[in-house]
Amino acid sequence: MNDLNELLTRREKLLGPNLPTFYDTPVHLVKGKDVWVWDKEGTKYLDCYNNVPHVGHCHPKVVEAITKQASTLNTHTRYLHEGILNYVEKLTDTFDHNLTTAIMTCTGSEANDIAIRMAQTITGSKGIISTDHTYHGNTALVSQLSSTNPSNDKLFKYFKHIPAPDSYRPLGEGTSHEYSDIFALELEKSILELQKENTNFAGLIICPFFANEGFPKLQKGWLNPVQDIVTKYNGVLIADEVQPGFGRLGSTMWAHDFIGIKPDIVTIGKPMANGHPVGAVITSNKNMETFRNSYRYFNTFGGNPVSCAASLSVLNIIEEEKLMENAQSVGDYAIKGLQDLSKVYEIIGDVRGEGLFFGVELVLDRKLKTPAKDITNKIVNEMKEEGVLLSKLGINYNTLKIRPPMSFSLKNADFLLEKLDKVLLRNKI
Ligand code: PMP
């Protein structure tokens, strides 16, 4: 048995079956630095996928912040500590309306679980709506909303799905209706159904960039009709910023600012502490008071001094290294490169993205827009063999997902484009 098979067998024995791995032949990573990772054999890969090491794998300043705090004190929030206050102060300064208080958690799932309970407490209603191709986490509550990692249970009767936006194949295409209005009408229809079933509407939870849905191209203002409907029915708007937040889109720190909505609750996670497990829920003082008075919420690890030190260092590095400006310029450059490739390769149906979150939707036929699901999977695997880690997602799993650490450079973008050109040529249709 070779090393890889031995590891997989041991993994299954110790961790159980049906545990997902990326790629047909999984990668055994042992080291990371900035945008690069190395496997056990010493093969170097350009990381075009991982948004968790937001400021770069093993950034020395994050490592230093963690080490310094871990060697001084680590406790929980039942003791007083300035670390959490310094962090929440700096974090809430990045929001432009009344998102002023936070609960710190260890994962995005926990943050969304709280956000849903908060929306239900604020409104006194239970009904939660999300899109039908999303993922908001793995707790018993939020996994109910997931279609990408579905739970085996039936959807709670007070949870409903509306069709995920798809700018490449928009609902109502060819009619005179604006797609944004159609999406908002779907929301209203679901709210009315909830009311008919005697479950009133508590809130809508969406990723404002619709990252798991395949990041459709949506202009600023596209979600305004949605915001109006949520307000009309006295619901709570939850923006799940776990994927697009922390400046990834380049021009704004948060995707809800990019699209132009004002959520009542924001949830964050993944990139927040560069790999240290941290998440948070941010809301107004008033909403927080309502929630805190209803739940004596406590999270043993959430908001511990080491997590706060790591999180604070990430915010500082984003500023110091001008990573949002970098995301914007390198992202624009990479998208232009992908558009150039789309002139050569028919299989590229659509190029889209913003900042350092971009990709291409692959189709067998540009006219019919038939998803090239199998070739997409093949391309992802061949890119890995070429030393580039990326993945796929979207409603039909035929969209290449490129979401590298924020220090991704023009040179890195050239490397990615050169390898993609090579792999697309090999798979030309
Ligand atoms: N929300 C979104 C949009 C996500 O993509 C994810 C994770 N992929 C989560 C929430 C859950 O985060 P975590 O895995 O940290 O619980």
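Select His 97 first: leaving aside its neighbours within four places in sequence, it is in contact (heavy atoms within 4.5 Å) with His 256, Lys 262 and Pro 263. This is a predicted model, where local features need pLDDT of at least 70, side-chain atom pairs count only at pLDDT 80 or more, and totals for chains, interfaces and linings use all residues. Residues are numbered from 1 along each chain as its sequence is written, and side-chain values use heavy atoms, with hydrogens and water left out.

**Around His 97**

Stay on His 97. It is found in the loop between α3 (82–92) and β4 (101–105). Helices (H or I, at least four residues) and strands (E, at least two) are DSSP runs, numbered from the N terminus.

Now show the backbone of Pro 263. Its oxygen lies 3.0 Å from a polar atom of the His 97 side chain.

**The ligand**

Select the ligand next. The residues around it (a heavy atom within 4 Å) include Thr 107, Tyr 135, His 136, Asp 240 and Lys 270. Helix α4 gives the largest share of this shell, three residues.

A polar atom of Ser 109 lies 2.4 Å from a ligand oxygen. For Gln 243, a polar side-chain atom is 2.8 Å from an oxygen of the ligand. For Asn 212, the distance from a side-chain N or O atom to a ligand oxygen is 3.3 Å.

**Where α4 meets α8**

Move to helix α4 (residues 108–123) and helix α8 (residues 285–294). They pack at an angle of about 95°, with their axes 9 Å apart. Axes are lines fitted to C-alpha atoms, for helices over the stretch in contact, and angles run from 0 to 180 degrees between N-to-C directions. That makes α4 roughly perpendicular (65 to 115 degrees) to α8.

Which residues of α4 make the contact? Select Ile 114, Arg 117, Met 118, Thr 121 and Ile 122. On α8, pick Asn 287, Met 288, Thr 290, Phe 291 and Ser 294.

Note on methods
Angles under 35 degrees count as roughly parallel, over 145 as roughly antiparallel, 65 to 115 as roughly perpendicular and the rest as oblique. A polar contact is a pair of N or O atoms within 3.5 Å; within protein, one must be able to donate a hydrogen and the other to accept it, and residues adjacent in sequence count only if both atoms are side-chain atoms.
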